[in-house]
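User: I'm new to this structure and would like to know what the words used for it rest on. Could you take me through it?

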Amino acid sequence: MTLADVTYMPEAPAHDLEIDEINAEAFGPGRFTRAAYKIREGGPHDRSLSFVAMHGGQVIASVRMTPIAAGAGRAQMLGPLAVRPDFKNMGIGRKLVAMALAAAEKSSEPAVILVGDEPYYGPLGFVRIPRGQIEMPRPVDLNRLLAHEIVPGAVAELTGEVCHANLAKTPQRTTEPA
Ligand SMILES: CC(C)(COP(=O)(O)OP(=O)(O)OC[C@H]1O[C@@H](n2cnc3c(N)ncnc32)[C@H](O)[C@@H]1OP(=O)(O)O)[C@@H](O)C(=O)NCCC(=O)NCCS
């Protein structure tokens, strides 16, 4: 097996079952108690910004993106990101993150946030969100709250409790182009 056998494509409903299996394998039953999971319960993820890696007709890795709101700010939340054990450390996770970020930028998303390991996501363009700026619906290690800004100033617009964008209480602040 080489990387040449791995293909990437936007996520489709036909991938759902395999993605659920991959996430169960990667995160176990504890995934349902995570803060990010709670936010994702609030509404659908955005398939147009979500991608899978395929090998031999099977899904071997997945990244999803979900629209979120925090105060007047809006962003996409990246995750879950998971790669089947047999395919780890081949660059597939990094490639999926890069694809999700490129798609978010192309569709003029203001920013991408996530809860994850800074040593992994830092080199992919994520930095810590200042402590206390946003709150997650369940406890998280604040060192793991990271953001990738696409539109300048967009991360500063994210304030207060993070929820699915469909449940936003505050209208989005729209910044006029300079
Ligand atoms: C984390 C995960 C998505 C990485 O995907 P991958 O395709 O195996 O990783 P890549 O090939 O893109 O990158 C591999 C590099 O990242 C490093 N890495 C992997 N997980 C890491 C982590 N949690 N923190 C820091 N570095 C990490 C590897 O050591 C490797 O480093 P190297 O290039 O210096 O050898 C994958 O291991 C996985 O599915 N893990 C279980 C689920 C999970 O933890 N998801 C992330 C949620 S935050």
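**What the words rest on**

Analyst: Sorted by class, the shell around the ligand holds 8 nonpolar, 4 polar and 3 charged residues. Ala, Val, Leu, Ile, Met, Phe, Trp, Tyr, Cys and Pro count as nonpolar, Asp, Glu, Lys and Arg as charged, and the others, Gly among them, as polar. Keep in mind that this is a predicted model: local features need pLDDT of at least 70, side-chain atom pairs count only at pLDDT 80 or more, and totals for chains, interfaces and linings use all residues. Numbering starts from 1 along each chain as its sequence is written.

User: What makes a residue part of the surroundings of the ligand, and which are the closest?

Analyst: The C-beta atom, placed from the backbone, has to lie within 6 Å of the molecule. 15 residues surround the ligand, and the closest are Lys88, Gly93, Arg94, Gly116 and Tyr120. β4 (73-83), α3 (92-106) and α4 (118-121) each give the shell at least two residues. Those names come from DSSP runs numbered from the N terminus: helices are H or I with at least four residues, strands are E with at least two.

User: How do you know what the size of the chain says about a compact globule?

Analyst: The rule is 2.2 Å times the number of residues to the power 0.38, and the radius of gyration is taken over C-alpha atoms. For 178 residues a compact globule would come out near 16 Å; the chain has 16 Å, so the two agree.

User: What makes a set of residues a nonpolar core, and how many are in the largest?

Analyst: Such a core is a set of buried Ala, Val, Leu, Ile, Met, Phe, Trp, Tyr and Cys residues joined through C-beta atoms within 7 Å. The largest has 46 residues, and Ala100 and Ile113 have the most contacts inside it. β3 gives the most to this core, with 8 residues. Ala100 touches Leu49, Phe51, Val63, Met65 and Leu78, again not counting residues up to four places away in sequence.

How values were computed
Buried ≥ 20, exposed ≤ 12 C-beta atoms within 10 Å, placed from the backbone. Contact = placed C-beta atoms within 7 Å.
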